[in-house]
Amino acid sequence: MTIQLIPKLEARVEEIMTSGHFSSAEEVVDAALRLLGERERKIAVLEAALKASEKQVEEGHWVPHTPQLMERLKREATEHARLKKPID
């Protein structure tokens with residue numbers, strides 16, 4: 001496959017290659033595509049979490065945000081950190 005880049009992008013690929021991290025344009029494109037794949041996976045995880053949280057709200061499973069709640073969570077996090085216990 002042959003890809004033609006606009007001059008601005010071609011210059012950027014050349015700049016990246018001359019930095020010494022990549023020896024070819026193919027390596028630059030490969031790295032860019034891997035990063036794009038990682039980004040897409042992260043977005044999918046966030047979308048799934050958002051969908052799950054929206055479902056919880058619809059089902060009435062939520063807690064109102066209050067200063068007291070935040071203080072309690074901070075205390076619990078501090079205690080978990082002190083005990084080297086994972087946070088649920």
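Guide: Here is a short tour, one feature at a time.

Visitor: What kind of model is this, and how are residues numbered?

Guide: This is a predicted model, where local features need pLDDT of at least 70, side-chain atom pairs count only at pLDDT 80 or more, and totals for chains, interfaces and linings use all residues. Residues are numbered from 1 along each chain as its sequence is written, and side-chain values use heavy atoms, with hydrogens and water left out.

Visitor: How many residues does helix α1 have, and how far does α1 reach?

Guide: Start with the terms. Helices are DSSP runs (H or I, at least four residues), numbered from the N terminus. The expected span of a helix is 1.5 Å times one less than its number of residues. Now the case: α1 covers residues 7-18, twelve residues. From first C-alpha to last, α1 reaches 16 Å, close to the 16 Å expected.

Visitor: Which residues of α1 are buried?

Guide: Buried means under 20% relative accessible area, exposed over 50%, and partly exposed in between (1.4 Å probe, protein chains only). In α1, Val13, Ile16 and Met17 are buried. They lie on the same side of α1, because they cover an arc of only 100 degrees around the axis. That arc is taken from the directions from the helix axis to the C-beta atoms. On the other side of α1, Pro7, Lys8 and Thr18 are exposed.

Visitor: What do the buried residues of α1 pack against?

Guide: Their partner is α2 (25-58). Contact means heavy atoms within 4.5 Å.

Visitor: Where does His80 sit, and is His80 buried or exposed?

Guide: His80 belongs to helix α3 (residues 67-82). Its relative accessibility is 15%, so His80 counts as buried. Leave aside its neighbours within four places in sequence, and His80 is in contact with Lys85, Pro86 and Ile87.

Visitor: How do I read a phi angle?

Guide: Most residues other than glycine have a negative phi. Here, Lys84 has a positive phi of about 55 degrees although it is not a glycine. Lys84 lies in the segment after α3 and is exposed, at 77% relative accessibility.

Visitor: How many salt bridges does the structure hold?

Guide: A salt bridge is a side-chain nitrogen of Lys or Arg within 4 Å of a carboxyl oxygen of Asp or Glu. The structure holds six. One of them joins Glu15 to Arg12, with the closest N and O atoms 2.9 Å apart. These two are three residues apart in α1, so about one helical turn separates them. Glu15 is partly exposed at 48%, and Arg12 is partly exposed at 42%.

Visitor: Which residues form a nonpolar patch on the surface?

Guide: Patches use residues with over 30% relative accessible area and no salt bridge; like charges are joined within 9 Å, nonpolar side chains (Val, Leu, Ile, Met, Phe, Trp, Tyr) within 5 Å. Areas come from the Shrake-Rupley method with a 1.4 Å probe, and for residues only the protein chains shown count as cover. Here the patch is Met1, Ile3, Leu5, Ile6 and Leu9, with about 570 Å² of accessible area together. Leu5 is in the segment before α1 and is partly exposed, at 31%.
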